[in-house]
Amino acid sequence: MKIISLLAGIGISFCFWMACAEPFSQGENLYMVSCASCHMEDGSGLGGVIPDLRERDIWQFGSEDLPCLIRWGSVIRVTDSLPKYPTVMPPHPSLTEVEIANILNFLQDRWGDPSRFYTPEDILRQLERCSVAMDAR
Amino acid sequence: MVEMICLRGRAAVVLGVCLLLSCQQPPRCPGNLPVLGEKEMRGEDTLYHTVPDFEFINQDSMPVNAATFSGKAYVVDFFFISCPTICPKVMQQMLRVYQHFQEEPGIMFLSHTIDVRHDTIPRLKAYSEGLGVSSSKWHFVTGEESEIYGIADDYFSVAVKDNSAPGGFDHSGRLILVDSQRRIRSFCDGTDSESVDQFIRDIDCLLHEDH
């Protein structure tokens with residue numbers, strides 16, 4: 001009897017451990033497929049050519065435009081000055097708002113502020129705002 | 001007793017000298033690196049395949065040709081700035097190799113764009129500055145498209161003679177090592193960091209070969 005409960009205990013904690021280890025597994029998978037070729041699997045980017053996503057500033061200040069940046073790519077960043085990077089981020093038109101939320105939450109959790117997360121509704125709202133802006137151009 | 005201490009002391013000195021020597025010695029190199037590509041016997045001499053002449057232009061609008069690398073080995077790759085697939089990864093590895101040999105005067109770097117229409121000289125300049133590398137050691141070049149594709153075929157067909165799919169080099173992330181006599185001596189898969197580790201050891205060996 002004791003052994004059975006011990007085993008069950010181990011089993012349950014194993015399941016918890018698995019679940020806790022990768023709480024953002026869809027986001028992580030999508031990141032590895034769509035983003036890691038440029039930003040690298042560890043988020044380190046490429047020198048001053050492709051941004052390092054581990055920099056905390058991105059997550060603290062700019063995150064309002066991130067859904068739009070992912071959907072539309074660098075063109076969304078209207079800059080008066082010279083662009084900061086010599087390469088551009090491509091658009092990702094096929095990612096849905098749920099997928100964008102999952103990717104951003106994975107990134108938030110890993111390198112940003114884990115207490116902040118996006119719901120698909122947040123993403124949708126922000127995307128609507130920037131498609132209006134894009135249409136107006 | 002005194003003898004024992006002496007003996008131990010001597011052993012320590014011997015050990016220390018050995019360690020010191022082994023630090024200065026080149027990495028374990030089982031003989032010289034092979035020369036890749038077709039060979040031709042002419043009398044007593046073996047003629048090896050060499051990289052043909054080329055004429056490109058770099059990020060500082062300076063001409064780059066075989067004379068630029070005279071007396072030095074160099075590492076070659078092909079890329080384009082807007083490449084969303086393997087290029088950033090390959091560049092990251094190329095940068096790692098560059099940083100490893102930054103202080104080593106015997107080796108230089110040559111990256112060719114395969115998108116000559118978009119990758120203009122100012123863009124190549126911005127790219128190399130973004131990477132923070134010195135333009136006297138690492139040339140980012142553009143030129144006649146046909147010449148770039150031609151020389152790519154040359155580097156790769158020699159490096160991977162037995163590869164059944166030599167075409168489509170733009171999908172290959174290879175780094176290629178050329179010696180000071182323009183012979184191809186090693187290559188690796190720039191998307192695989194372990195393959196690049198071995199490549200770095202090969203460069204070390206090449207730099208320690210006596211000619």
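1. Buried area is the accessible area, taken with a 1.4 Å probe, that two parts lose on being put together, summed over both. In this predicted model, the area buried between chain A and chain B is about 950 Å². Carbon and sulfur atoms give 69% of that area. The side of chain A that touches chain B divides into six nonpolar residues, six polar residues and no charged ones.

2. How many residues does each chain bring to the contact? Chain A supplies twelve residues and chain B supplies 13 residues.

3. Two residue pairs are in polar contact between chain A and chain B, both at pLDDT 80 or more.

4. Backbone geometry deserves a remark in chain A. Met40(A) is a residue other than glycine with a positive phi, near 75 degrees. Met40(A) lies in the loop that runs between helix H3 (36–39) and helix H4 (56–60) of chain A. Is Met40(A) buried or exposed? Met40(A) has a relative accessible area of 2%, and because the limit for buried is under 20%, Met40(A) counts as buried.

5. A positive phi is also found in chain B, at Arg182(B), where the value is near 65 degrees in a residue other than glycine. Arg182(B) belongs to the loop between strand E8 (174–178) and strand E9 (184–189) of chain B. The relative accessible area of Arg182(B) is 25%, and this residue is therefore partly exposed, since that class lies between the buried limit of 20% and the exposed limit of 50%.

Terms used
Residues numbered from 1 in each chain as written. Chains lettered and ligands numbered in written order. Predicted model: local features only at pLDDT ≥ 70, side-chain atom pairs only at ≥ 80, totals over all residues. Heavy atoms only, no water. Contact = heavy atoms within 4.5 Å. Polar contact = N/O pair within 3.5 Å; in protein donor to acceptor, adjacent residues only side chain to side chain. Nonpolar A, V, L, I, M, F, W, Y, C, P; charged D, E, K, R; others polar. Helix = DSSP H or I, 4+ residues; strand = E, 2+ residues; numbered from the N terminus. Buried < 20%, exposed > 50% of the residue type's maximum accessible area, 1.4 Å probe, protein only.
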